[in-house]
Amino acid sequence: MRIIGTAGHVDHGKSALVAALTGTDPDRWAEEQLRGMTLDLGFAHLVLDGGLEAGIIDVPGHERFLHNMLAGAAGMEVLLLVISAVEGVMPQTVEHLDVLGYLNVRRTIVAITKADLVESDALRDMIRQTAESLRGTIAEGAPMVAISSVTGAGLDELRARIAAAMRDIPPRDADAPVYLPVDRAFTLDGVGTVVTGTLMQGTIASGDTLTLQPSGLKARARSVHVFGKASGRVEGGTRVAINLGGVERDSVARGAVIAGSEFAARSSFTVRFTPLPAAVPLLRRRTPVRAYIGAAEILGTLIFDRIPESAEETSAELHVREPTIAFPGVRFVVRRPSPKSLLGGGYVEGLEATAPVIEGTDRNQEMALKVLRERELDPIAAADVAARINAREETAQNALEALVRRGEAVALARPVEFVDAMAARTVYARAFEQLELAHGAEPWAMGVTSIALARALDLPEALLVRVLAAFVEDGRLANRAGYYAALDYQPRLTQGQQTLFDAAVPADPSRPFLPVAFEAVIAAVRTSQVPGAAKAFDTLQARGALVKVGDDVYRGSQISQIRARVESFFKSHEAMTAAEFRDLLGTSRKYAVPLLEWLDAHGVTVRNGDLRSLRKKST
Ligand SMILES: Nc1nc2c(ncn2[C@@H]2O[C@H](COP(=O)(O)OP(=O)(O)OP(=O)(O)O)[C@@H](O)[C@H]2O)c(=O)[nH]1
Ligand SMILES: [Mg+2]
């Protein structure tokens, strides 16, 4: 289904044309019937030859109801510009074209109505003049068809033009996140709350849980109707009516949005804005506006860095008083709060709007990559990428994973986020440079800690750790006992360092399980004046050559023997007391207790009251 919209000056025959094409009078209100004038949006279902279907949105032409016209305008893809053969182009013809020039119209057809009321010469002249007046608008060069809603003349040709235009435009993205600006909300007896709107993109199925924004209310789609017919599932580009379960009529109104979870309501948007030429002198650095986004009308402020001096596209911030849903590429129009003249319009800035059109899955990957590149080293979650590239979260996730496989992105953990691979590789390269320097300068050290690396690279430590983890995972960097090192790096102590520690923690065969006080080792390091002794001590501990247990230091070989004895003890015992352990090693209580705690902490034994048992190997 496609969405056709009417536009044109009051009384030019928009509603009559819709009725002639569809058999439905779009003026559904008694007051509209009485006054012979459209006050609010009307809707009709057009079925053309071959089953081609469209929803028609009929708008009021009177300038007083421009806000209602605006509520329906964003959904229009095919514009049926209605111009009376009697009057020609009139003020609201121009105003509607100005509005629609900022929105999503892709094809325009001009219907010259009331052709039955003018002579054929006058009609020809009018058509020529009209074509002239439409220069520079979105209707420039559009096909023009003279019709009469009274006699039916020209309607077949108009239908053929409409069908051709509909076939010409690409379908809306059914795979994108749901975006449905609500243009009507009402209650039906025995049914409950119903909202209608144009599903701009995405897919909704009856039974889905939908989110209303900006309220955040959740509602169940009890049923989904398309022009009176129940439909299990509707895709982007359809006029829909949804019966919402669990929502009071009062809590939803025109301007609300049914939006996918990818989108969050915001009150501030970076936009590209183009003023109308006549509005340029009215612009201030902070220009109060009435903004029309989707079907919403919200007061706000347009803020410029530099006040536009011509009717050219420029960057601006749009702040609105009530948060709403808009994402890159979403179009908007602004008027003055009062008098309500049109100021201009534009679109929410972002990749969607500025990137060259890339179709298919590659499009998502390319857009996601642009997001990553723009952020450099600032990680971003898949859900946030989704909102920025206007894709469903799952789609964004797949695109990001594909980028990781392509080597264009790097996945970080805790939380799962992504960064541009180029930026990450730069960090890796700089870190590696630091490591090589450190390995050369202090070959006895284990490597470099994250704190030292972060300081050298001038990066937040937490970020550095997450980025480098990806390279550790890939096997391009080692992280041992908290020290980063090149993969093939092995610390080697100097002869002086080795001698120092051999003497400080000596092996005494007569007292095989006697440790040395940690303080004593530190004192030996301090008084020795052996260069690099402190880091060498760290290295020996990191590699298990020396083991700190409580306040004492054991040689690694002592610890292995102790473990071996304990394990062999448990071959013939279920449990072990502290006293049994002490006797097993022939050591004193002073050393036995910290050793037992160390064995508990290192997963050798399990403590159960006063008893220890061997921890079952969980493989
Ligand atoms: N003779 C003749 N009268 C027409 C034709 N189209 C519309 N009219 C008449 O013109 C008047 C206005 O028509 P509408 O269709 O209500 O005009 P509109 O553009 O919808 O007006 P608004 O919605 O108020 O902007 C009505 O009295 C119609 O009967 C036509 O093709 N021929
Ligand atoms: Mg009308």
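Predicted model: local features only at pLDDT ≥ 70, side-chain atom pairs only at ≥ 80, totals over all residues.
**Whole chain.** I began with the secondary structure and found 19 helices and 31 strands in the protein chain. I then looked up the overall extent, and the C-alpha trace spans about 125 × 55 × 45 Å along its principal axes. The radius of gyration of the protein chain is 37 Å, whereas a compact globule of 619 residues would have one near 25 Å. I also noted that 49% of the 619 residues count as buried, and that the chain exposes about 29100 Å², of which carbon and sulfur atoms supply 49%. Taking contacts between residues at least 6 apart in sequence, I found that 66% join residues at least 24 apart.

**Magnesium site.** Which residues coordinate the magnesium ion (ligand 2)? I found S15, through OG, and T38, through OG1, at 1.9 to 2.0 Å. S15 belongs to helix α1 (residues 14-22) and T38 to the loop between α2 (30-35) and β2 (42-47), so the pair ties together parts that are 23 residues apart in sequence.

**Helix α15.** In this helix, residues 518-528, I listed F518, V521 and V525 as the buried residues. Why do they lie on the same side of α15? They cover an arc of only 65 degrees around the axis, which puts them on the same side of the helix. On the other side of α15 I found E519, R526 and T527 exposed. I next looked for what covers the buried residues, and this includes α14 (495-504), α16 (533-542) and the strands β27 (516-517), β28 (546-549) and β29 (552-555). Last, I noted that Q529 follows α15 and has a positive phi, near 65 degrees.

Notes: Residues numbered from 1 in each chain as written. Chains lettered and ligands numbered in written order. Heavy atoms only, no water. Buried < 20%, exposed > 50% of the residue type's maximum accessible area, 1.4 Å probe, protein only. Helix = DSSP H or I, 4+ residues; strand = E, 2+ residues; numbered from the N terminus. Arc of directions from axis to C-beta. Contact = heavy atoms within 4.5 Å. Donors = N, O, S within 2.8 Å, 3.2 Å for Na, K, Ca; no water. Rg over C-alpha atoms; globule rule 2.2 N^0.38 Å. Areas by Shrake-Rupley, 256 points an atom, 1.4 Å probe, with all protein chains shown as cover.
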